[in-house]
Amino acid sequence: MGAAVELQNVTKKIKGKTIIDQVSFEVNKGEVFGFLGPNGAGKTTTIRMIVGLIGITEGDIKICGTSIKQDFEKAIGNIGAIVENPEMYKFLTGYQNLLHYSRMSKGISKEKIKEVVELVGLSDRIHEKVKTYSLGMRQRLGLAQSLLHDPDVLILDEPTNGLDPAGIREIRDHLRKLARERNMAVIVSSHLLSEMEMMCDRIGIIQKGKLIDVQLVRDFVNNTEKVYEFEVTDKEKAKEIVTLLRSDIEVQLTEQGIALPSVKEEIPKVVNALVKENVSIYGIKEVTKSLEDRFLEVTTEKEVVVHG
């Protein structure tokens, strides 16, 4: 696979204050890497350093093996990016905008423009003025613009901001396709956990300028204790019974009944205990924790470690 982007102990200080603190991670070709964190955590600052909009105080960033400190032009030539909202000339057509941007890089043919327009699904509307475009269409035009020079790395800062569900899905599908078919490294920053879960292969979590975890999305969601929900008649009584049976676990009341972390083998014992005490059970289901649940767990755990 090979790393397309490497951050090595990257630190950013502004007026003596550390904004980004020793951040290191790699992004491989052919993967969608999610950069996740609450607003103000340092996502955009990190992305601005990767694309060369602001300088690095300490550490280094390599794009396809080239340091942006040592050979900025060569390194940055491998990147296509949209940081915050794509800006377009609204009085020009989508095609005229792309033609204008294509003049900034060598060797972009009209065939190439046509190819990226098809890739982002704008062929039908490309000759209409940008002021008639929806937000989703403008995002797609921005995506086309960032792909014109065939970059190895695509970086998008909050690409689904302001989009409706259909627009979000479109952008998500395009990004997955680019990573898969073009073997491109895609970095997406967001605070929308549900989007990350569907879009990314791995995620890095940033909080207060520190990278606190990097994991495969499936591991991140699966690395948790299984929780089972029992739909029962008398919730309070059921909770009491299970707490007596297993004093080491926390039993939670839910809308339908009770929920408890457990292993599959323990379920028959819980069922027996409830039936013996005449609590009717209408159903048992495994409750999958969402990325959001895990994110809150991880950030809270780390907060405790940091401040404890």
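The lining of the largest cavity is made up of five nonpolar, one polar and three charged residues. Here Ala, Val, Leu, Ile, Met, Phe, Trp, Tyr, Cys and Pro count as nonpolar, Asp, Glu, Lys and Arg as charged, and the others, Gly among them, as polar. The model is predicted: local features need pLDDT of at least 70, side-chain atom pairs count only at pLDDT 80 or more, and totals for chains, interfaces and linings use all residues. Residues are numbered from 1 along each chain as its sequence is written, and side-chain values use heavy atoms, with hydrogens and water left out.

**The cavity**
- One cavity of 30 Å³ or more is counted; a cavity is a set of points on a 1 Å grid over the protein atoms alone where a 1.4 Å probe fits but cannot get out.
- The volume of the largest cavity is about 60 Å³, taken as the space filled by probe spheres set on the points, which are joined across faces, edges and corners.
- I82, E84, Q139, L143, L156, D157, E158, P159 and I171 line the largest cavity; lining residues have an atom within 4 Å of a point.
- At least two lining residues come from each of α5 (135-147) and β7 (153-157).

**The whole protein**
- The protein has eleven helices and 14 strands, which are DSSP runs (helices H or I, at least four residues; strands E, at least two) numbered from the N terminus.
- Of its 308 residues, 47% are buried, meaning under 20% relative accessible area with a 1.4 Å probe, protein chains only.
- Along the principal axes, the C-alpha atoms fill a box of roughly 80 × 50 × 35 Å.

Conventions: On a 1 Å grid over the protein atoms alone, a cavity is a set of points where a 1.4 Å probe fits but cannot get out, and a pocket is an open set with protein on both sides within 12 Å along at least five of seven lines; lining residues have an atom within 4 Å of a point. Buried means under 20% relative accessible area, exposed over 50%, partly exposed in between (1.4 Å probe, protein chains only).
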